[in-house]
Every structure is written in C-alpha cells, then in structure tokens.
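User: I would like to go through this structure slowly, one question at a time. Please explain each term when it comes up.
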Amino acid sequence: MAAVAPVWADVITEARYADPTDRYAHGVLGDAIEWGTLELVMQGGDVRRFVLPRDHVFEDIAPRLADLDGDGAPEVMVVEADMSKGAAFAVYGAQGKITETPHIGTRNRWLAPLGAADLDGDGVVEIAYVDRPHLAKTLRIWRYRDGALQHVADLRGVTNHRIGETDIAGGIRTCGPGPEMVLATANWSDLAAITWDGRQFVFDDLGTDTTRPAFARAMACD
C-alpha cells in the first residue's frame with residue numbers, strides 16, 4: 001500500500017554533498033576527499049543541511065533520489081561511513097536519516113550502490129549494492145518497508161568498482177518485463193544483467209567487454 005503523500009514543503013527536489021573533508025583517509029574513490037554534510041533542496045526552495053558527526057563521512061560520488069515508499073516523493077540514498085566501522089547504506093528524508101544498514105564492521109571497508117527498484121515484482125521497493133567490491137564482491141539486496149531496511153538476498157562473485165575509480169559502474173536498468181542489475185563478474189571477465197525474483201538470481205551474459213562504454217550501452221539497453 002502506498003504511503004500518504006507528504007506535504008508540498010517536505011518534497012525533496014535535489015540532494016547534494018557539501019563540506020568536503022579529508023578526515024577519513026581511505027581514498028577508495030580516487031582522492032582523499034569525502035563529505036561532511038548532506039544538503040536537501042525542498043520543493044519550496046528551502047535547503048536543509050544534515051551535518052555528520054566528526055567520526056562519520058559521506059563516502060560517495062553523489063546522493064541518489066528514488067521514491068522508496070510509494071508516496072510519490074523521493075527519499076535520498078547515500079553511503080555513510082563510520083571511521084572505525086566502515087560504510088553503511090543509509091536512507092534520508094526531509095527530516096533527516098530514516099534508516100541504514102549495519103556498517104560493514106571494519107575501518108576502510110566500503111560499498112558501491114546500484115540503486116533501487118521493485119526487483120521481484122511484489123509492489124515493494126528493494127535497494128541493491130555491492131558490499132566491498134574489491135574484497136567480498138557480494139551483491140546485497142534489502143527491502144525497504146515501513147521506514148526500515150530488511151535484508152533479503154545475497155549473491156557472491158560480482159563487482160562494479162575498482163580501487164581508485166572516480167565513478168561506479170552499472171546500476172539497475174529496465175529493458176524488458178522487469179528490472180535488471182548490470183554488474184561485472186568478480187574478475188572483470190564478463191558483463192552480466194542479473195534479475196532476482198524473490199527466490200533466485202538469474203544471469204544474462206552480456207559479453208566480455210567490461211569497459212565503461214560497454215556498461216553505458218548495457219544501461220541504455222543497446
């Protein structure tokens with residue numbers, strides 16, 4: 001069931017990171033700069049700032065907007081890292097943080113988001129990311145329901161990022177009857193479109209080209 005629509009003033013139209021910082025010396029995205037603040041631009045023009053404590057940073061390329069609860073207005077998906085516990089996938093709304101996954105548990109451990117979609121067709125949105133794309137190389141899927149994230153599935157042996165790259169490859173596309181997650185195999189030998197029906201994963205082999213142009217073509221259904 002869709003959530004009640006938010007009032008006009010609480011609708012987020014844009015999200016961005018601010019307050020660059022070098023206080024977390026990980027550098028997985030190619031430099032030493034992370035972010036200390038999330039800024040949300042509201043439909044009425046107001047800007048709301050959510051400043052992290054000194055032991056946290058946004059370790060990410062950009063916030064992602066998606067309507068996770070079906071109320072017609074977007075939530076904001078981010079990667080938020082604790083300096084001693086590593087990264088977590090977090091969801092923010094107009095009033096601040098709504099929920100997050102557990103942190104990975106170790107300093108300098110990161111996750112690379114794919115996005116959000118109703119992956120299994122049950123009417124509820126799931127979020128997907130690769131946990132430690134350079135180490136564990138594990139796709140994790142969480143269901144967003146009633147303002148909380150429920151872990152529902154894992155798949156080992158895939159990745160979407162190499163250390164030092166300034167972007168994250170792939171994502172979630174819809175080229176046919178349902179959403180597909182575009183990822184590389186763990187050793188970057190093959191490109192794949194992966195579906196999940198709520199019980200099992202199915203691979204569609206997209207070839208051996210795993211360059212960024214190949215990812216872009218796959219995301220464009222080309």
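Analyst: Two strands are said to pair if DSSP finds at least two bridges between them, and strands (E, at least two residues) and helices (H or I, at least four) are DSSP runs numbered from the N terminus. This is a predicted model, in which local features need pLDDT of at least 70 and side-chain atom pairs count only at pLDDT 80 or more, while totals for chains, interfaces and linings use all residues. Residues are numbered from 1 along each chain as its sequence is written, and side-chain values use heavy atoms, with hydrogens and water left out.

User: Which residue in β7 is the bridge partner of V79?
Analyst: Strand β7 covers residues 86-93 and pairs with β6 in the antiparallel sense over seven bridges, and a hairpin of three residues joins β6 to β7. Within this pairing, the bridge partner of V79 is F89.

User: Which residue of β6 stands opposite F58?
Analyst: Strand β4, residues 56-58, pairs with β6 in the antiparallel sense over three bridges. Strand β5, residues 64-66, also pairs with β6 in the antiparallel sense over three bridges, and there L65 stands opposite V76. For F58, the residue opposite in β6 is E80.

User: How many residues of strand β6 are buried?
Analyst: Buried means under 20% relative accessible area, exposed means over 50%, and partly exposed lies in between, using a 1.4 Å probe and protein chains only. In a regular strand the side chains alternate between the two faces of the sheet. In β6, E75, M77, V79 and A81 on one side and V76, V78, E80 and D82 on the other are all buried. Strand β6 (residues 75-82) is therefore largely enclosed by the rest of the structure, its buried residues being eight of the eight.

User: Is D60 buried or exposed?
Analyst: D60 lies in the loop between β4 and β5. Leaving aside neighbours within four places in sequence, D60 is in contact (heavy atoms within 4.5 Å) with Y17, L29, E34, W35, V78 and V79. With a relative accessible area of 4%, D60 is buried.

User: Which strands do the buried residues of α1 pack against?
Analyst: In helix α1, residues 212-219, the buried residues are A214, F215 and A218. Seen down the axis of α1, they fall within an arc of 100° (taken from the directions from the helix axis to the C-beta atoms), so they line one face of the helix. The strands that these buried residues pack against are β14 (171-174), β15 (179-185) and β16 (191-196).
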